[in-house]
Structure formats: structure tokens, C-alpha cells
Amino acid sequence: MTEPSHAHHLSVEDFDPAASSLTGSVDPAVMAELLSIRSSIDNFDATLVYLLAERFKATQRVGILKAAHQLPPADPTREKAQIQRLRALAESAHLDPAFAEKFLNFIISEVIHHHQAISESHSAVAATGVIPVVSEDGQGFVGGPDAPARTHDGGTNL
């Protein structure tokens, strides 16, 4: 996934759920209904973000397992089966299957990218004996050359 900009830390509290270019130009009753519906959409969006975060934590574990056993980052047979499954789920949910497939393909490409990075990291471990420390969010590794890392014997490189 795209790396967030660290120049300005965004906060959920900074979000204005009533932000709209329509304010003042629409009947207040219509605006109230619009904001009510948008509130539900905002809840769905928050749920999607948390679900994706949990999904990527799980795929991070898959990537580590694959790298530890020198398995390829991509699994085309699994990916094809997942896409077929998601298309069927989309149809049963009355969601455009093509949209669902594009969405899953995007996620799969990000997962493969993460798995490649994990695999490269494990290759570096094999070459140097230094194991990088996984970040708290589980989405990458901590620090650079001066960051503590575990060695194969369980110590650190400090």
C-alpha cells in the first residue's frame, strides 16, 4: 500500500462529518438526510480500513512463513481461486463482480509486493545473520542501520 506522508499526522478527530460544499445551498431537511446517510458510509469506510489492516497483518505472517521456507511471494493458483470466489460473493451480494475483481487484484498486488520485501529481508538475514525487528503496526521493519535487530542467537546487534 502507499506509504503515508509523515509530514502531517492525520487524526480521526480532524475529520468533519458535516463537511460539504452543499451546505447552505440545499434544503435543511435534505441536508440532514444526506448527512445521516453519509454517517453510515463513514462507518463502513472505517470498518473497511480496520478490516484491511487486519488482513494485511495476516498476509504479513504468510509472507514471513513463505520467506522462512524459501517459497515464492506469489501463488497464482491461490490468487485465481480467490478471484473466482470473490466474483461469486460479489454476485450474491449484488455487487459488480468486475469491481470486486479489480479491488482484490489491487490487494493481491500489494500483498505480493510486501511478500517480496519480506523475502528480500530474509535473504539479507541469511547473508548477515541480523534479523530486522518488525514494526509495531506489523507493516514493515523498524529503523535503519542503527536500529536494534535480533541475531540468529537471540541477541541484538547493539
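Figure 1. The side chain of E54 meets that of K57 in a salt bridge with an N to O distance of 3.1 Å; a salt bridge is defined as a side-chain nitrogen of Lys or Arg within 4 Å of a carboxyl oxygen of Asp or Glu. K57 is likewise partly exposed, its relative accessible area being 37%. Both residues belong to helix α1 and lie three residues apart, about one turn of the helix. By this rule, the model contains two salt bridges. Residues are numbered from 1 along each chain as its sequence is written. Because the model is predicted, local features need pLDDT of at least 70 and side-chain atom pairs count only at pLDDT 80 or more, whereas totals for chains, interfaces and linings use all residues, and side-chain values use heavy atoms, with hydrogens and water left out.

**Figure 2. The salt bridge between R87 and E101.** The closest N and O atoms of R87 and E101 are 2.6 Å apart. This pair links distant parts of the chain, with R87 in helix α2 and E101 in helix α3 (residues 97-128), 14 residues apart. R87 is partly exposed at a relative accessible area of 28%, and E101 is partly exposed at 26%.

**Figure 3. K66, a buried lysine in helix α1.** K66 is found in helix α1, which spans residues 28-68. K66 is buried yet forms no salt bridge, and the nearest side chain of opposite charge, D75, is 5.3 Å away; Lys and Arg count as positive and Asp and Glu as negative, while His and the chain ends are not counted. Apart from neighbours within four places in sequence, K66 is in contact with L71, P72, P73, A74, D75 and H115, contact meaning heavy atoms within 4.5 Å.

**Figure 4. A nonpolar surface patch formed by I37, I41 and F44.** Together these residues have about 300 Å² of accessible area, calculated by the Shrake-Rupley method with a 1.4 Å probe, only the protein chains shown counting as cover for residues. Patches are made of residues with over 30% relative accessible area and no salt bridge, like charges being joined within 9 Å and nonpolar side chains (Val, Leu, Ile, Met, Phe, Trp, Tyr) within 5 Å. I41 lies in helix α1 and is partly exposed, at 41% relative accessibility.

**Figure 5. Positive phi values at Q70 and H94.** Q70, in the loop between α1 and α2, has a positive phi of about 50° although it is not a glycine. Q70 is exposed, with a relative accessible area of 68%. H94, in the loop between α2 and α3, has a positive phi near 60° and is exposed at 76%. Most residues other than glycine have a negative phi.

**Figure 6. Confidence along the chain.** The protein has three helices and two strands, in the order α-α-α-β-β; helices (H or I, at least four residues) and strands (E, at least two) are DSSP runs numbered from the N terminus. Mean pLDDT, the predictor's confidence in each residue from 0 to 100, is 82 for the protein. Over residues 144-158, pLDDT stays under 50. Where pLDDT is low, the predicted coordinates should not be read in detail.

Technical notes:
Buried < 20%, exposed > 50% of the residue type's maximum accessible area, 1.4 Å probe, protein only.
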